[in-house]
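Student: I would like a close look at one part of this structure, the aromatic ring pairs. Please set them in the context of the rest of the chain.

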Amino acid sequence: MARKLQPRRCVAITIEIMHIRNTEIQTEEHATANVTPREVLVDAGGRLELRCHVSGDPVDTVTWYKDGVTLRRSREDPPRESLHVAPVDPSDAGVYQCAATYGTDYAHAYAHVTLGAAAPQLVYRFIEQTLQPGPAVSLKCIATGTPTPHITWTLDGFPIPHPHRYLKGQYVSAHGDVISHVNISSVHVTDGGTYSCTAENSAGKVTHSARLNVYGPPHVRPMGRVSAVAGETFTVTCPASGYPLHKITWKKDGVRLPMGHRQRVFPNGTLVVEQVNRKNDDGIYSCTASSKQGRSDTQQLTVRVMVPPRLAPLAFPKGTRAGMRAQATCLVQEGDQPLTLSWQKDGQPLDPRLDIRTSQIDLYTSMMVIESATAAHSGNYTCTATNAARATTSTARLTVSVPPAWLVEPASASVALGGVVALHCLAKGFPTPTVVWRKETASGEFAGVATGEGGVAGFENGTLLVSRAERRHEGRYLCEANNDVGAGLSKVVTLSVNEPPWFAVRSQRQQVVVGATASLTCEAHGDIPLKLVWTRDGAPLPALPRYELSDREVDTGQVSELVLRSTHVGDSGTYVCTATNTHGSLTADFHLLVQDVPGPPSGVGVVEEGARHLTLTWTPPEDSNAPISAYIVTFTAHDSQQPPDGIFSGPREVTVEGDQRRVRIEGLLPSTTYEFTVVAENRVGRSQTSSPLRFKTQEEAPSGHPQNVRVVPVSSTALQVSWEPPPENLTHGTILGYYLGYKDDSESEGGAYNFTTVGVDGAGVTTATLAGLRPHARYSVVLQAFNSRGAGPASPPALGTTLEDKPGAAPGHVTCETVTSTSLVVTWSPPPPRQTNGIITSYRVSYSQLSSHEDGRSGSVVSEGLRATLAGLRPWTNYSVSVAASTRAGEGVASLPLVCTTDQDVPEAPARVKAVVSGPRAAVVSWAPPASPRGRITRYTVHWASAGSRSAPHTRRVSPHSTHLTLHDLSHTAHEVWVTASTRIGEGPRSSVAMVTPSHTVGAGIFAVGGNLTAAWKEDVSLPCGAVGVPEPVLTWSHERLEIPDTHPRFTVQPTVR
């Protein structure tokens, strides 16, 4: 029973595929795609092949995607229906998609590729280190792979030692990486050497090695005993530590290696022996590590050479048939004992159910015997010989020939005319039997069936498929199965072709208008007797006088006619005519549609709106069995305002396709109420109008500007603006206010407008005052009306000029120039243009004398130009000068005072000239500076002469800082004395004449002339008192007619030093 399960499952799959193919043949209308295989498990490094099977001819494009990304293909790639990936990388796992286009069709299919085994990869490796003894050391390797790899460690090819200082660990991270480490708590010299980590799984292995060098003397770890396999290469590394090492040598039986070409010793201490044999290579080896200081260490290694098994070829007798005996002998030609021999079939241990007997003849021979061969015994048999050196195998194939036997025995079948039928004929055996179909002819002979034409197809599994069965396909068929083993198999079956009911047309559609007559005619064909029955919506026809039914026979079948008079909408529906005979029944559908005018649309509403458009929606009327061909939307404006020129104000219509439920209506007026109605239309007529909908469009920014803008001045800093609103049909909503813009247009046309918002006063004409403006400046004014949607266009600029005002700034660059000692010329520049505040009509130059001793002279001069002359001034006098500009509005700000000085002139005469006798022939002349020096005094000149003398007077020039002079060698006559002062201009007039007569008697006299002295508050003042007299006179001072005592707290009298 177990042997028959697998073939039967194969038969079921085969039949399913056959039916799928037949279905595709009959309904190949749309493109389809299928990717094989759908689920793929592939190992890393392997080969992936996917095929895209696409129906439809021709296929326009085939595109491959991986995880949604298009795969690029090169010219060397296989055809577009195939996708090859080799070698497979772990990143190649994912979802692959094949997309095909066929005309307007599109088809796609998926395949999932899962990564199977992937060889390990080391993603982290430890590095070589050189260090002193003592510190801790950690060596780590991280590996990834599928299945999860295992990591092992060696030191110089030998297992890691197990002292307490060593700690080995291994774990798997959350990402599936294997992390392994070797930690040495305190490294010793003996821990040095080459450490290796090996990651291994079923897909392969990978190894990494690096040295750990520990400073110290040479040391060789014990090596013990190892085995070598005869005929192979033997490799061993001397487990030497210590650093640095000078050299490592090998010896065998006391003789230094190499001794021949088969032996090689490498500087790192590795010994390689090729083509190992027991006679020459079995024995004791020693390894010696030495340093340059002469220190060394040696350890021995025992090598035992093992001979692996060698098997004689395995063979089975040729021509084994089912029921015959079969045997094979496994012979070990050479190999060390102990030996074990075992058998396998197709890579698995022998199945006890196969009844195969094995026996060990001697230590080197085993026999396998099959008493009665069957098809299940066919396969590959393997004998394995194993000893300590190796396991060796030998394989042979046993083929058992089996005569044909039915898996699916042919059976008679019947098929409806035009239908599909499959005649199955499936046999097993070895070799696989060949299946042949034959059909009985009129003479009774069986002839081969012509497949591939006439709707007959044959398949490799022995199935004969008849599609679109015809009368000529009826008859007896013979199936033969033969594989040249035994007599073969054959069987005759009968195929019958029946004609059940059928219709030339199985579906009809008829449309009539309400009240018209509908006629439904049902004509059926097939084997008689035929019976025709009418139903509607699964129920018998109603007993109505309007329904008339009549039947009649024709040459090829039966006809039934159903007539419906004065049709109603309710008569619409599917009428079914059922034809029945002994081979089955079949139905034909008649779809009757009684059509009426549609009802009015409902639910008219607005779903999207604007100022000049809106989107209108509605709900279709109930079905009147005639598709809506169009909707007619009518709308009319109901506002009183007149539309702009070119816009039609009467009712307007918009026609919409019948499958639409909305329409966007353009060209509306902003802020306008419209009335909308909708009418549905079909092939029968128009519906009544829907309920009217009134809707007001949104506002839009005004498209007109304010009218009649006027600007008049009200002061030097304010303008009054008045205007009228934009035309009503251009406001597009309720005017909420105005943006009043203004800018100074006096100097240039550039610059931006400054805007302020003005509310609406509701009076039609609106006014506003602009304050804080510049006097006598021309301003450009614009206005924009705004509503809830924004501002409209600006009005044309209107100009206005503010009234004049006093200049706001003084004239600039005021300068003065001396002309004479009594006149000055003053010049200036106008105030800045933006601060003249009007037209300058004149300038006033004001001046005043700066004097601390007498009242200063002041005055003003008016000039229409930019200069003025100040005359009648005092010589060598400081004057404060300022200039102010005037407009028709008044005088403006004066400039900052400017100090100007007139030129020098000859001075006046010195004042208060005095002469006193100071000796028998001497006199002291003193004087005060001129009251009006008219310049800087450069010198004084003292003149004297004898009274009445006609000779020229004597003169002496005196420093301008002195105010007295002692005259000597005077005669004892009266003398006239006078003084003149000089400036750089010249000498002034003479002073009054003082008389003095020298004598031998010198009375007390004061030559100081006194006068007024001005001093600052709390400043020390010294008042000189020059006096003469013989004997020396006594000087006293008084203040306010009171004598000043010597001990006064503030006044101090000091003697005069002469």
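Tutor: What follows starts with the chain as a whole, turns to the aromatic pairs, and then covers some other sites.

The model is a predicted one. Its protein chain has two helices and 88 strands. The radius of gyration is 68 Å, whereas a compact globule of 1058 residues would have one near 31 Å. Along the principal axes, the C-alpha trace spans about 200 × 130 × 50 Å. Of the 1058 residues, 40% count as buried. Among contacts with a separation of 6 or more, 64% are between residues 24 or more positions apart.

Now the rings. A pair of aromatic rings is described by two quantities, the distance of the centres and the angle of the planes. There are 15 aromatic pairs in the structure. One of them is formed by Tyr739 and Phe786, which counts as stacked because the ring centres are 4.3 Å apart and the planes meet at 20 degrees, with under 30 degrees as the cut-off for stacking. This pair links distant parts of the chain: Tyr739 belongs to strand S64 (residues 737-744) and Phe786 to strand S67, 47 residues apart.

Tyr847 and Tyr879 form an edge-to-face pair, with 6.2 Å from centre to centre and 70 degrees between the planes. Tyr847 is in strand S72 (residues 842-849) and Tyr879 is in strand S75 (residues 878-887), so this pair ties together parts that lie 32 residues apart in sequence. Tyr847 has a relative accessible area of 9% and is buried. Tyr879 is buried as well, with a relative accessible area of 1%.

Phe635, Tyr674 and Phe676 make up one aromatic cluster. Rings also take part in charge placements. Arg990 sits over the face of Trp978, 3.9 Å from the ring centre. Arg1050 lies over the face of Phe1051, and there the distance from the ring centre is 5.5 Å.

With 4% relative accessibility, Asn787 counts as buried. Its side chain has a polar atom 2.6 Å from the backbone oxygen of Glu700, and the side chain also reaches the backbone oxygen of His732 at 3.3 Å. Leaving out residues up to four places away in sequence, Asn787 touches Glu699, Glu700, Ala701, Pro702, Thr731, His732, Gly733, Thr734 and Leu736.

Of its 23 residues, Phe126, Trp153, Tyr195 and Leu212 touch the most other members. The elements that contribute two or more residues are strands S11 (137-146), S12 (150-155), S15 (178-184), S16 (193-201) and S17 (204-214). S11 gives the most, with four residues. A second, separate core has 22 residues, including Leu314, Leu339, Ile370 and Val400. To return to Tyr195, this residue touches Phe126, Leu139, Thr154, Leu155, Ile160, Tyr166, Ile184, His208, Ser209, Ala210 and Leu212, when residues up to four places away in sequence are not counted.

Two further sites complete the account. Lys252 is in strand S22 (residues 247-252) and is buried, with a relative accessible area of 7%. The side chains of Lys252 and Asp253 are joined by a polar contact of 2.9 Å. The Lys252 side chain also reaches the backbone oxygen of Asn280, at 3.4 Å. Not counting residues up to four places away, Lys252 touches Leu257, Met259, Asn280, Asp281, Asp282, Ile284 and Tyr285.

Ala809 is in the loop between strand S69 (798-801) and strand S70 (812-820). Ala809 is buried, with a relative accessible area of 12%. Apart from its neighbours within four places in sequence, Ala809 is in contact with Pro831, Pro832, Gln835 and Val893. Its C-alpha atom is separated by 19 Å from that of Ser860, which is 51 residues away along the chain.

Technical notes. Residues are numbered from 1 along each chain as its sequence is written. This is a predicted model: local features need pLDDT of at least 70, side-chain atom pairs count only at pLDDT 80 or more; totals for chains, interfaces and linings use all residues. Side-chain values use heavy atoms; hydrogens and water are left out. A nonpolar core is a set of buried Ala, Val, Leu, Ile, Met, Phe, Trp, Tyr and Cys residues joined through side-chain atoms within 4.5 Å. Buried means under 20% relative accessible area, exposed over 50%, partly exposed in between (1.4 Å probe, protein chains only). Contact means heavy atoms within 4.5 Å. A polar contact is a pair of N or O atoms within 3.5 Å; within protein, one must be able to donate a hydrogen and the other to accept it, and residues adjacent in sequence count only if both atoms are side-chain atoms. Rings of Phe, Tyr and Trp (its six-membered ring) pair if their centres lie within 6.5 Å; planes under 30 degrees apart count as stacked, over 60 as edge-to-face and the rest as tilted. A charge sits over a ring if NZ of Lys or CZ of Arg is within 6 Å of the ring centre and within 35 degrees of the ring normal. The radius of gyration is taken over C-alpha atoms; the globule rule is 2.2 Å times the number of residues to the power 0.38.
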